[in-house]
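This report describes one protein model, moving from its domains to a few local details.

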Amino acid sequence: MKLTIAEFKQDYIAQIKSSTARQINETTALERYTALGEMVKEYIGNLWANTNSTYRTEQVKQIYYFSMEFLTGKFMENNLNYLGIYEIVKDGLRSLDIDIDDILEVEVDQGLGNGGLGRLAAGFLDAMSSISIPGHGCGIRYKNGLFEQRIIDGYQVEFPDRWLVNNNVWEYKRNNKAVIVKYNGHVETHMDGERLKFELVNYDAVRAVPYDTPILGFENNTVNTLRLWSAEEIDDIFDFENFSKGNYLSAFEKKHSVEIITQILYPNDAYDEGKLLRLKQEYFFVSAGIQSIFNTYKKMNVGINRFAEFVAIHINDTHPALAIPELMRILLDEEEMTWEEAWKITTQCISYTNHTIMAEALEKWPLYMLRDLLPRITMIIEEIERRFTEDLINVYHITDPNHLSAMHIIYDGMVRMAHLSIIGSHSINGVAKLHTEILKNKELKVFYDIYPERFNNKTNGIMHRHWLLNANPGLTKLIGDTIGDGFKKNPRVLRDLLKYRDDKSFLDDLFEIKHQNKENLAKYIKDKQGIVVDPYAIFDMQAKRIHEYKRQHLNILHVMHLYRQLKENPNLDIPPRVFVFAGKSAPSYYVAKQIIKLINTVGSVINNDKSIKDKLKVVFLPNYGVSLASHMIPAADVSEQISTASKEASGTGNMKFMMNGAVTLATLDGANVEIMNEVGESNIILFGLKVEEVYDYYQNGHYNAYEIYNNSPDLKAVIDELVNGYLPVPKDEFIPIADRLLRFNDEFFILKDFESYRLAQERIAEIYRDKYQWSKMSLANIACSGAFSADYTIERYATSIWNVQKKLLDFKL
Ligand code: CBF
């Protein structure tokens with residue numbers, strides 16, 4: 001947009017006065033931030049109104065991306081960059097004696113997600129807007145995002161993430177678009193002429209109120225919508241009679257029982273604790289979202305039969321799978337279609353992404369619970385199941401009871417949401433080539449056999465503009481000065497950087513930028529953790545959820561091994577190394593929390609040992625989220641992507657690190673395989689078991705962790721240190737980790753992969769000694785990372801799954 005510094009200053013001063021009734025020099029950073037947000041929102045508002053009216057009047061097909069999680073992080077910097085006014089605003093503020101960084105710092109991360117899946121959803125929204133796809137997000141406005149992680153005495157301790165405490169400047173509450181979501185009750189049937197009608201009676205009604213956030217595209221006038229739903233009591237009142245009698249708590253009981261639905265984001269792996277509430281959440285946003293799609297659709301006046309021509313609905317993992325029976329319910333009970341018509345529309349509209357093969361994340365609901373909470377929805381699921389079974393027998397000639405039970409939606413008193421999602425959608429995609437092959441040939445083979453045309457791969461992608469423009473301005477400038485700014489819209493042109501691989505002065509610049517980022521991070525680590533690290537050391541990072549399959553314990557066991565080597569020979573000639581960890585564990589995942597404690601314990605021993613001459617440091621940075629990632633990733637030399645082959649569906653952290661010039665230390669898992677193909681084997685460090693070997697071990701049962709332990713003195717020494725009192729903790733502290741590795745036979749093959757991991761780390765140390773060789777590898781990674789932009793991923797979803805066209809918008813601000 002066009003804006004001069006003078007215009008900005010004038011608008012800003014006026015905005016500050018109207019929103020704070022104070023002089024600018026008397027305002028707090030929060031007030032300054034909020035005033036700026038209001039202004040930016042107004043600029044965006046014009047584009048937003050234009051986008052929505054164009055979609056409506058030109059009757060374009062729209063895609064609705066349903067996700068329990070949207071990890072959007074902060075908006076301000078992105079919005080300023082996307083409007084093309086970042087520098088104007090920065091200079092304007094400076095002339096008012098305000099540092100833009102102080103304002104940006106105030107914004108709180110919108111952390112409504114656990115990790116990869118939620119961040120992916122946020123990146124997809126950004127990409128849809130930026131490549132002009134008419135597409136919106138639908139989710140839950142949790143009052144508390146994922147918990148805030150603090151480390152106390154080395155342990156993870158969880159605190160509430162009260163992200164709304166200072167209000168959220170970006171959202172609009174749309175009271176007039178509220179809808180009713182119905183729970184419990186029972187279904188009555190009656191004949192209406194020829195038609196059997198179903199009616200839910202005596203239900204509990206909850207008001208779903210949408211809060212809309214504009215999702216701005218990059219310099220293209222498009223603003224799509226992220227609609228997050230909040231639960232409210234129908235009339236938003238309390239029981240006055242009860243209150244007058246002095247029963248204060250019970251007077252508010254109903255209000256609270258409703259509002260609790262959107263109080264909290266469930267941490268991964270903790271689903272057991274609040275199953276009923278989680279199920280309520282899932283139906284809540286799905287029902288509200290689909291009702292609101294109908295309301296919007298009906299304004300187009302094109303007739304309900306054409307619904308699938310104008311609407312695509314994507315379910316991000318199985319959490320929104322109830323979209324299938326909910327859409328059926330509306331088409332059958334409200335629009336009075338036949339089952340066949342409704343089913344055709346539903347399966348044409350819905351598509352599903354599978355994000356994991358981990359059994360713990362494959363959702364199943366007890367049938368009795370579903371029936372109580374959602375009686376009509378359960379009837380529809382049962383009918384889907386009945387018709388599906390009929391097809392299996394009559395169309396696909398499957399009669400073997402074991403085969404049939406492997407495919408049922410309802411089995412053993414449980415409802416399998418993945419099966420419902422597969423049966424009720426026209427497309428099922430995995431998130432990396434390898435993952436999709438595993439789905440097709442192993443985990444979901446029974447379905448692939450009957451629906452091969454439904455399965456496809458869509459490798460994940462990242463918000464490349466965030467990870468470069470916002471997170472790494474130094475690198476962004478160097479790239480822009482060298483090959484121009486085309487990469488912002490078309491990141492594949494980053495490949496042009498390969499021409500500079502032998503240009504020493506370019507490699508020096510690259511090294512210098514990385515070094516500056518490392519200096520910045522070293523300062524951050526010193527300020528926050530009080531640990532001094534050497535910015536000339538190799539910065540080796542593992543930042544992701546803490547989970548045994550991601551193998552942070554493989555990393556820390558190797559650190560313990562390096563430490564032993566240095567203790568034996570303090571003059572050992574190795575480049576100094578800083579191992580940085582970050583990530584949250586699910587609160588109920590005991591072993592993962594022990595891994596955090598282990599990292600911190602080892603860190604406290606190593607960081608305080610002067611005898612090793614600062615050659616080794618271990619840092620755990622608490623409360624990993626988008627903002628922390630944006631500080632860390634630009635400073636990384638080595639990106640640890642070391643999951644047990646087959647377990648990480650894709651990964652996206654791997655792509656972010658690569659884009660910022662880190663060299664990946666990887667197993668051949670998830671999207672690491674595609675990273676290797678893009679960058680070439682000489683620019684990635686590989687190690688470890690391959691997928692086939694992992695499956696082979698699982699299937700033939702020949703793995704013997706004790707045998708490896710007994711035959712590898714280096715490994716044995718560090719595992720023994722977990723339990724022999726060497727570490728300054730009670731002797732039994734780390735027994736659960738040691739038990740998982742030995743007594744329970746090392747489900748994730750830490751022991752088996754230890755030696756090849758150690759050798760890979762040795763190779764890294766060797767290569768790093770040669771500054772130019774290392775910088776060349778780093779350059780190759782940056783140059784080849786463009787392929788992993790979410791812009792391209794969304795392009796593929798739009799053409800081959802959603803069949804949604806781009807809508808270019810012409811509008812002058
Ligand atoms: O597809 C996005 C990401 O999703 C997960 O985080 C998930 O929650 N299932 C996977 O673990 C990642 O591999 C994947 O990149």
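## Domains, ligand shell and local packing

The chain is assigned domain 1 (1-58 + 75-108), domain 2 (59-74 + 109-460 + 796-802) and domain 3 (521-784), with bounds that come from an automatic or database domain assignment. The model is predicted: local features need pLDDT of at least 70, side-chain atom pairs count only at pLDDT 80 or more, and totals for chains, interfaces and linings use all residues. Residues are numbered from 1 along each chain as its sequence is written.

The C-alpha centres of domain 2 and domain 3 lie 36 Å apart. Their contact takes 38 residues from domain 2 and 30 residues from domain 3, where two residues are in contact if their C-beta atoms, placed from the backbone, lie within 7 Å. On the side of domain 2 that touches domain 3, the table gives the elements that supply two or more residues. Helices (H or I, at least four residues) and strands (E, at least two) are DSSP runs, numbered from the N terminus.

| Element | Residues |
|---|---|
| β2 | 70-73 |
| α6 | 116-130 |
| β5 | 145-152 |
| β6 | 155-161 |
| α18 | 433-443 |

The largest share of this side, six residues, comes from β5.

The ligand is surrounded by 15 residues, the closest being Gly-116, His-355, Thr-356, Ala-649 and Ser-650; a residue is near a molecule if its C-beta atom, placed from the backbone, lies within 6 Å of it. Domain 2 and domain 3 both give residues to this shell, so the ligand lies between them. By class, the shell has five nonpolar, nine polar and one charged residues. Ala, Val, Leu, Ile, Met, Phe, Trp, Tyr, Cys and Pro count as nonpolar, Asp, Glu, Lys and Arg as charged, and the others, Gly among them, as polar.

In helix α13 (residues 339-349), the residues Ala-342, Trp-343, Ile-345, Thr-346 and Cys-349 are buried. A residue is buried if 20 or more other C-beta atoms lie within 10 Å of its own, exposed if 12 or fewer, and partly exposed in between. Seen down the axis of α13, the buried residues fall within an arc of 165 degrees, so they line one face of the helix; the arc is that of the directions from the helix axis to the C-beta atoms. Their cover includes α11 (307-310), β13 (311-316), α12 (323-334) and β14 (350-353).

Phe-581 belongs to strand β21 (residues 577-582). This residue is buried, with 25 other C-beta atoms within 10 Å. Phe-581 touches Gln-542, Gln-552, Ile-599 and Phe-620, not counting residues up to four places away in sequence.
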